[in-house]
Amino acid sequence: MSHRVRRAAIGITAALIGFLSAAPQAAAHGFSSTAYVHVAEGDGGLVRTALKLEYDLLVVSAADAEHDDGLFTAGTAAFDAGDTKAQGAALNAHAASATSYVTARFAVTADGEVCTPRRAGDFAMDRQDGVPYAVLPLDWTCPEIGGGHAIRSGLFPDAETYVSGTKTIVTYDLDGRSGSAALDAAHPSFSVDQPWYAWFWEFFRLGAEHLLTGTDHILFLLALIAGSRRLREIVLAATSFTLAHSVTFMLAALGAVDVPSRLVEPVIALSIAVVAGWYLWRIRRRGGHAADLDTAGRGHFSLDSAGWIRLGVVFCFGLVHGLGFAGALGIDQAWSWTLLGSLLVFNVGIEVVQLSIIAAVFPLLTLLRRRSPTAGLWVTGAVSAGVAAMGLVWFLQRVFGI
């Protein structure tokens, strides 16, 4: 392969890695936020909501919007001290400001008529993925009509510049219906009597967007593709990864498993570096024969020993990635078939995007390897090196809080 072709291959690969790594990692982890709302029928025709909001985000947003310096001072001091009791006290001392901020951006309507909110109790404190959350109970008095309730959320909009891409996950038991909905800036409202396909699309889209904006998950997938020598290897690796993350995703989202994000996120970053480094190690050992199978494997899958070991590693790391996917949804309501359906549809959205990336990238890589094995080796090696470097950087950042 000429030096010109080699430089072009490395340049294109470096540009791809640079583009992905420059994408705000916070779109998937850290600088986005998720609000959780449960809606149910209350006594006397009231609609009762319990809003679960990220504590420090609520403090700074409400203090800024309501010009309440006292809330900012007391709330941030309690947050910095990690004092849960003081955090709740700060919000309750400035409950008017915090409640006003929320009710200006979250609404319940009945047949198009706006319901009137009233705080139904003090703020309480909770945690979600190791992060302090404030719980605000609100009762809504609606016009005396037949139902037709709808929910609208514009909580923590991008325009406030504190976070980007806020999601509001709603679970409801209202008007004789129960279910879930996912709201964001592009889809800020839903009706309780929405058709099933609207619910399906909401959670499918949420899962697809989570993978597309999760740079670390995409880099892990690229590392799998670059290190796969045959179609069967990437298919089996993707299947193994899917099975593994589906198990922990469902268990974590349903509350059966609870692992702090401060442990999950560094391991996800480390998994990227390990899977990419695995192929680099093979290139170092075998050079131009790195893409060759060691032996003709036995059995239906025809994998050699290296392929089976890699498959086991991918499965183990897939278990950890599932915990990361679950953190994006964060539903902690009691188990129900409707909730299970929402989780499954969210997972389907993830898988469709994952398979689409494989279908787009792997055939091109296979064609390159067949036409110019040397070029294929350089490209896959450059991809793996770039992905491994980013994984190690993220691992150090997440471990040391850089």
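A residue counts as exposed when its relative accessible area is over 50%, and as buried when that area is under 20%. The exercises below apply to a predicted model.

**Exercise 1.** Decide whether Thr161 is buried or exposed, and find where Thr161 lies.

*Solution.* Step 1: locate the residue. Thr161 sits in the loop between E8 and strand E9 (167-174). Step 2: take its relative accessible area, which is 64%. Step 3: compare with the cut-off. Exposed means over 50%, so Thr161 is exposed. Step 4: look at the backbone. Thr161 has a phi near 70°, a positive value in a residue other than glycine. Most residues other than glycine have a negative phi.

**Exercise 2.** Work out which strands stand at the edges of the open sheet of four strands.

*Solution.* Step 1: write the order, E4-E3-E8-E11, with antiparallel pairing. Step 2: look for strands with a single partner strand.

**Exercise 3.** Describe how strand E3 is joined to strand E8, and what follows E3 in the chain.

*Solution.* Step 1: identify the strands. E3 covers residues 106-110 and E8 covers residues 149-153. Step 2: count the bridges. Step 3: pick one facing pair. Val108 stands opposite Ile151 in E8. Step 4: turn to the loop between E3 and E4, where Asp111 is found. The phi of Asp111 is near 50°, again a positive value in a residue other than glycine.

Note on methods. Residues numbered from 1 in each chain as written. Predicted model: local features only at pLDDT ≥ 70, side-chain atom pairs only at ≥ 80, totals over all residues. Heavy atoms only, no water. Pairing = 2+ DSSP bridges. Helix = DSSP H or I, 4+ residues; strand = E, 2+ residues; numbered from the N terminus. Buried < 20%, exposed > 50% of the residue type's maximum accessible area, 1.4 Å probe, protein only.
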